[in-house]
Amino acid sequence: MNAELEQAIIEAYACAPQDVIILHTLEINHKAFAHPARVARWGAPGPDVERFMCKLEKTAPHNPNEIVEFIGMPFEILLPEKSDSTPGELSLRVSGIGYELDADLEAASLSGGQISCIYRTYIHGEELKGPGEVWPGLAIKSPQSEGPDSMTAVGNILGWLNRKFGRKYTPNDYPALVNQS
């Protein structure tokens, strides 16, 4: 990260009101899920789970511009540097999944395939205004269990790094390549 950007972030954090809480959320999806699993980083899981109603962005792949429920549970996410010279790798650890996500994650592990994720931030108390930041297209790979109710995984944002080499160019997809005369 360059020095000017670091300084701007330091100033923004220093000026931010202390009572503003950022709500970090994940929308986890897999072909085996009936609907995406949505979690918000919040306290310890238990019988009385916190639930947050948040409005999604207009371009969301599931339930666009709708108010949906996120389940509060502890998770850690280490986002990649915002840089054009890094591969965009992230790491994720979700705790307490046994209460709410166990059946979905078991179905995903049995059926194989890639788990995708969307990271969003909201201002707590203003969730109905929509997300402040959205990182779509997080590809999660290598999820591993850390006991009966915890999962760790790594993933990336720049999925094009793992795309197969070669591409089929067709007139429907690339009409400018067709001779028009």
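**The loop between β3 and β4**

Guide: Asn63 counts as partly exposed, because its relative accessibility is 29%, where buried means under 20% relative accessible area, exposed over 50%, and partly exposed in between, with a 1.4 Å probe and protein chains only. Asn63 is found in the loop between β3 and β4, the latter strand covering residues 67-73, and its phi is near 55 degrees, a positive value in a residue other than glycine. Asn65 has its place in the loop between β3 and β4 as well, and although Asn65 is not a glycine, its phi is positive at about 60 degrees. With a relative accessible area of 37%, Asn65 is partly exposed.

All of this is read from a predicted model, in which local features need pLDDT of at least 70 and side-chain atom pairs count only at pLDDT 80 or more, while totals for chains, interfaces and linings use all residues. Residues are numbered from 1 along each chain as its sequence is written, and side-chain values use heavy atoms, with hydrogens and water left out.

As for the setting, the protein has three helices and nine strands, where helices (H or I, at least four residues) and strands (E, at least two) are DSSP runs numbered from the N terminus. Their order from the N terminus is α-β-β-β-β-β-β-α-α-β-β-β. Strand β3, residues 51-55, has the highest confidence in the protein, at a mean of 94, whereas helix α2, residues 97-100, has the lowest, at 60; the scale is pLDDT, the predictor's confidence in each residue, from 0 to 100. Over residues 160-166 the pLDDT is below 50, and this stretch has three contacts in the model beyond near neighbours in sequence, a contact meaning heavy atoms within 4.5 Å. The mean pLDDT of the protein is 75, with 64% of its residues at 70 or more.

Turning to burial, Cys54 counts as buried because its relative accessibility is 0%, and Cys117 counts as buried at 1%. A search of the whole structure finds zero disulfides, a disulfide being a pair of cysteine sulfur atoms within 2.5 Å. Of the 181 residues in the protein, 32% are buried. The accessible surface, computed by the Shrake-Rupley method with a 1.4 Å probe, comes to about 11800 Å², and 53% of this belongs to carbon and sulfur atoms. Among contacts with a separation of 6 or more, 57% join residues 24 or more positions apart.
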